[in-house]
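Thank you all for coming; I would like to take a few minutes to walk through one model with you. Please have the sequence and the structure open while I talk.

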Amino acid sequence: MRIVRAHIEPLQWFALGAAPLAWAAQLVVGFGLTVGKCGPAHLGVDRTGWELGAMLAAATVAVLAEVTAGLLFAATREDSFEGAPPAGRRRFFILAAAAGNVLFLGAILLSGLGSLADGACRQA
């Protein structure tokens, strides 16, 4: 698959920012589900199914961001870190995205599996 040079910049920002945003969205959805299940209104929300769906959706976005970073890394192979600001900065962002996406995927899976394993409605 060939990546057009004009598309590298937006794809680079997707690779760098999609996984943290997906993790943040998962946490916000999980908080809302817990409030819906355990709050004073007791809305009767099936928290398990929604938490699993949020975890899978966020993990999918993180994996897509990692694949995008890998494709961009291969597409910019001839660029070096010592190049002019766009080329050197682009290569650095792609490597940072590749490393960060692995960490955010781990955070997504750990927070998702932890919320599934732990009961939500306990008083501290």
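What we are looking at is a predicted model, and the chain contains three helices and zero strands, so that, read along the sequence, its pattern is simply α-α-α. Of the 124 residues in the chain, 30% are buried. If we take the contacts with a separation of 6 or more, 74% of them are between residues 24 or more positions apart. The accessible surface of the chain comes to about 7600 Å², and carbon and sulfur atoms account for 72% of that area.

Which residues make up the largest nonpolar core? There are seven in all, namely Ala19, Ala22, Met55, Ala58, Ala59, Ala62 and Ile108. Two elements, α1 (5-38) and α2, each give two or more residues to this core, and α2 gives the most, with four residues. If we look at Met55 in particular, and leave aside residues up to four places away in sequence, we find that Met55 touches Gln26, Ile108, Leu109, Gly112, Leu113 and Leu116. There is also a second, separate core of six residues, and among its members are Ile8, Ala69, Leu72 and Ile94.

Now to the charged side chains, where a search of the whole structure finds one salt bridge. The partners are Glu51 and Arg47, whose side chains meet at 3.5 Å, N to O. Why are these two separated by about one helical turn? The reason is that Glu51 and Arg47 are four residues apart in helix α2.

Finally, the surface. Val63, Val67 and Leu71 form a nonpolar patch there, and together they have about 220 Å² of accessible area. Val63 has its place in helix α2, which covers residues 47-75. With a relative accessible area of 41%, Val63 is partly exposed, and it therefore passes the requirement of over 30% that applies to members of a patch. As a general background to this, nonpolar side chains in soluble globular proteins tend to be buried together.

That is the tour I wanted to give, and I am happy to take questions.

How values were computed: Residues are numbered from 1 along each chain as its sequence is written. This is a predicted model: local features need pLDDT of at least 70, side-chain atom pairs count only at pLDDT 80 or more; totals for chains, interfaces and linings use all residues. Side-chain values use heavy atoms; hydrogens and water are left out. Buried means under 20% relative accessible area, exposed over 50%, partly exposed in between (1.4 Å probe, protein chains only). Contact means heavy atoms within 4.5 Å. Accessible areas come from the Shrake-Rupley method with a 1.4 Å probe; for residues, only the protein chains shown count as cover. Patches are made of residues with over 30% relative accessible area and no salt bridge: like charges are joined within 9 Å, nonpolar side chains (Val, Leu, Ile, Met, Phe, Trp, Tyr) within 5 Å. A salt bridge is a side-chain nitrogen of Lys or Arg within 4 Å of a carboxyl oxygen of Asp or Glu. A nonpolar core is a set of buried Ala, Val, Leu, Ile, Met, Phe, Trp, Tyr and Cys residues joined through side-chain atoms within 4.5 Å.
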